[in-house]
Amino acid sequence: MTAHNSNDSLEQLLSYNTRLVDDDFTHRVQAQLARHRGRRRRILTAGGICSAAVAGVLLVVNGHKIGGSIMQAVNQSPYLVTLGIVALCAVTLWSWQKRV
Amino acid sequence: MNDKDLIARVLTRDDQHAFTMLVRTHQHGIRHFLRRLTAGDHAWADDLAQEVFIRAYQKLSSYRADASFSTWLHSIAYRYFLNQQRKGYRQHEVSGLELLEQTAAESSAEKELFVAQLMRHLSLPERTCLTLSISAGLSHQDIVSVTELPLGTVKSHITRGKAKLAKVINASATQQEVAP
């Protein structure tokens with residue numbers, strides 16, 4: 001057997017002969033993906049609720065001071081505060097865009 | 001619709017149907033590749049393949065079209081396999097009987113069994129490079145991007161792998177001739 005022939009037969013032997021496509025596999029991937037997305041949604045929702053709750057409590061307990069210090073920061077360096085808000089929005093948008 | 005269109009649909013509209021189409025198109029190559037890497041452990045290979053598609057979905061926004069989508073999937077599969085193997089999640093040697101049971105339903109069961117046994121004679125890098133080159137039909141450059149090995153090393157793994165397999169095949173042919 002020549003080297004060329006032996007290479008050909010090796011290629012034939014190693015080729016993926018059976019067609020491996022079945023709906024069962026596809027469905028399993030879809031189901032796992034749905035679980036993953038559900039879990040992520042729950043985590044995001046829980047995170048949002050926690051943040052809102054903490055912010056609410058802080059506002060109720062120490063509303064005047066927080067409001068005062070925010071206004072003070074805005075008066076002292078309005079550009080920096082605006083830049084901070086824009087950066088925060090950009091990061092939030094970017095993380096949402098990443099989706100998963 | 002080609003891969004690029006489907007990927008664009010997933011990214012812009014979060015189109016689940018488009019992603020399902022991608023899974024349908026590429027499961028053949030990825031599942032076969034992982035079956036070769038696991039040397040015939042079909043159940044583990046399918047579990048890995050499932051996770052590969054989930055990871056691909058998660059990282060889809062980072063996919064750059066400089067390599068084909070198939071090559072990109074193969075690199076995820078290879079890295080995930082290495083990672084799982086390193087963690088020792090499953091290091092179970094598939095017996096000949098198990099292999100036979102797994103492949104019995106397939107038309108070319110005998111061949112699959114033989115190939116799975118052959119893979120055990122190769123080191124993991126040889127198995128990977130040879131499978132990607134011969135079975136998946138990837139170019140040497142694509143194999144470099146999947147395995148992150150230098151081009152020379154990839155070529156030598158392929159050459160050495162072929163030589164080893166030829167030796168094993170010849171030895172088994174000689175045994176069959178000698179046997180009554």
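**Exercise 1.** Which residue forms a salt bridge with Lys164(B), and how many Å apart are the closest N and O atoms?

*Solution.* Keep in mind that this is a predicted model.
- Step 1: Start at Lys164(B) and look for its partner, which is Glu126(B); their closest N and O atoms are 2.9 Å apart.
- Step 2: Check accessibility. Lys164(B) is partly exposed at 32% relative accessibility, whereas Glu126(B) is buried, with a relative accessible area of 3%.

**Exercise 2.** Find where Glu51(B) and Arg55(B) lie, then decide whether Glu51(B) is buried or exposed.

*Solution.* 
- Step 1: Both residues belong to helix H3 of chain B, four residues apart, which is about one turn of the helix.
- Step 2: Buried means under 20% relative accessible area. Glu51(B) has 19%, so this residue is buried. Arg55(B), with 29%, is partly exposed.

**Exercise 3.** Trace the salt bridge of Asp46(B) with Arg31(B), and name the network that includes them.

*Solution.* 
- Step 1: The closest N and O atoms of Asp46(B) and Arg31(B) are 3.0 Å apart.
- Step 2: Asp46(B) lies in helix H3 (residues 42-59) of chain B and Arg31(B) in helix H2 (residues 16-37) of chain B, so the pair ties together parts 15 residues apart in sequence.
- Step 3: Both of these residues, Asp46(B) and Arg31(B), are buried.
- Step 4: Now widen the view: salt bridges link Asp22(A), Arg31(B), Arg35(B) and Asp46(B) in a network.

How values were computed: Residues numbered from 1 in each chain as written. Chains lettered and ligands numbered in written order. Predicted model: local features only at pLDDT ≥ 70, side-chain atom pairs only at ≥ 80, totals over all residues. Heavy atoms only, no water. Salt bridge = Lys/Arg side-chain N within 4 Å of Asp/Glu carboxyl O. Helix = DSSP H or I, 4+ residues; strand = E, 2+ residues; numbered from the N terminus. Buried < 20%, exposed > 50% of the residue type's maximum accessible area, 1.4 Å probe, protein only.
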